[in-house]
Amino acid sequence: MVTEIVKFALENNVSVIGLEDLTGIRDATLKKVHKKRKHTHSSWAYRQLQTFIEYKAREAGILTHYIDPAYTSQTCIRCNHISKNNRNRLSFECEICGYQNNADLIGAMNIEHKTRDFRYILESQGSLSTAQTIA
Ligand SMILES: [Zn+2]
């Protein structure tokens, strides 16, 4: 799976892979470790996966960038309004503009946007020359 991600990135001239920074989540979950042992374990496994992706990507000359996931599933991708009222479990509905979508999808789209922003900064500094981003 990791090899396929890196292969896809190479084939599509992806220069930066955006990954969700779960450090905050992991710390928060550790405090509730007795209640949510399963979730802590899956966060840890996901972090291991990220480390592996980062390693394989670096071998291929691709950057990985960690995105702070705070508010990513509460931020409207249409009007940028941030509110926890935008999210109701798995569904997202912006309380300002009414935009609706799956909350996890909104989170992924916002992480992609943040990764693109990071790539633009690198490009403007002349640190990158290639064209696409995967998140
Ligand atoms: Zn909105």
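Let's start with disulfides: the structure holds 0 of them. Keep in mind that this is a predicted model. So where do we find cysteines at work?

The protein donors are the SG atoms of Cys76, Cys79, Cys94 and Cys97, lying 2.3 Å from the metal. What geometry does the site of the zinc ion have? The angles among its 4 donor atoms run from 102 to 118°, and the site is tetrahedral. For those of you who like a reference value, the ideal angle for four tetrahedral donors is 109.5 degrees.

Along the chain, the donors of the zinc ion follow the spacing C-x2-C-x14-C-x2-C. That pattern links distant parts of the chain: Cys76 belongs to the loop between strand E2, residues 63-67, and strand E3, residues 87-88, while Cys94 belongs to the loop between strand E4, residues 91-93, and strand E5, residues 100-102. The two are 18 residues apart.

Are Cys76 and Cys94 buried or exposed? Cys76 has 0% relative accessibility, so it counts as buried. Cys94 is buried as well, with a relative accessible area of 2%.

Now to the charged side chains. How many salt bridges does a search of the whole structure find? It finds 6, and I'd like to walk you through some of them.

Take Lys7 and Glu11, whose side chains meet in a salt bridge at 3.4 Å, N to O. Both residues lie in helix H1, which covers residues 2-11, and they are 4 residues apart, about one turn of the helix. Glu11 counts as exposed, because its relative accessibility is 55% and the cut-off is over 50%.

Arg116 forms a salt bridge with Glu112, and their closest N and O atoms are 2.5 Å apart. Because they are 4 residues apart in helix H4, about one helical turn separates them. Arg116 is partly exposed, with a relative accessible area of 28%, and Glu112 is partly exposed too, at 25% relative accessibility.

Then there is Arg87 with Asp104, a salt bridge whose closest N and O atoms are 3.8 Å apart. Here Arg87 lies in strand E3 and Asp104 in helix H4, residues 103-124, so the pair ties together parts that are 17 residues apart in sequence. In terms of accessibility, Arg87 counts as partly exposed at 29%, and Asp104 counts as partly exposed at 48%.

Let me finish with the strands. If you want a spot to look at on the screen, find Val16, which stands opposite Leu63 in E2.

How values were computed. Residues numbered from 1 in each chain as written. Predicted model: local features only at pLDDT ≥ 70, side-chain atom pairs only at ≥ 80, totals over all residues. Heavy atoms only, no water. Donors = N, O, S within 2.8 Å, 3.2 Å for Na, K, Ca; no water. Tetrahedral: all angles 85-135°; square planar, octahedral: opposite > 155°, others 65-115°. Buried < 20%, exposed > 50% of the residue type's maximum accessible area, 1.4 Å probe, protein only. Salt bridge = Lys/Arg side-chain N within 4 Å of Asp/Glu carboxyl O. Pairing = 2+ DSSP bridges. Disulfide = S-S within 2.5 Å.
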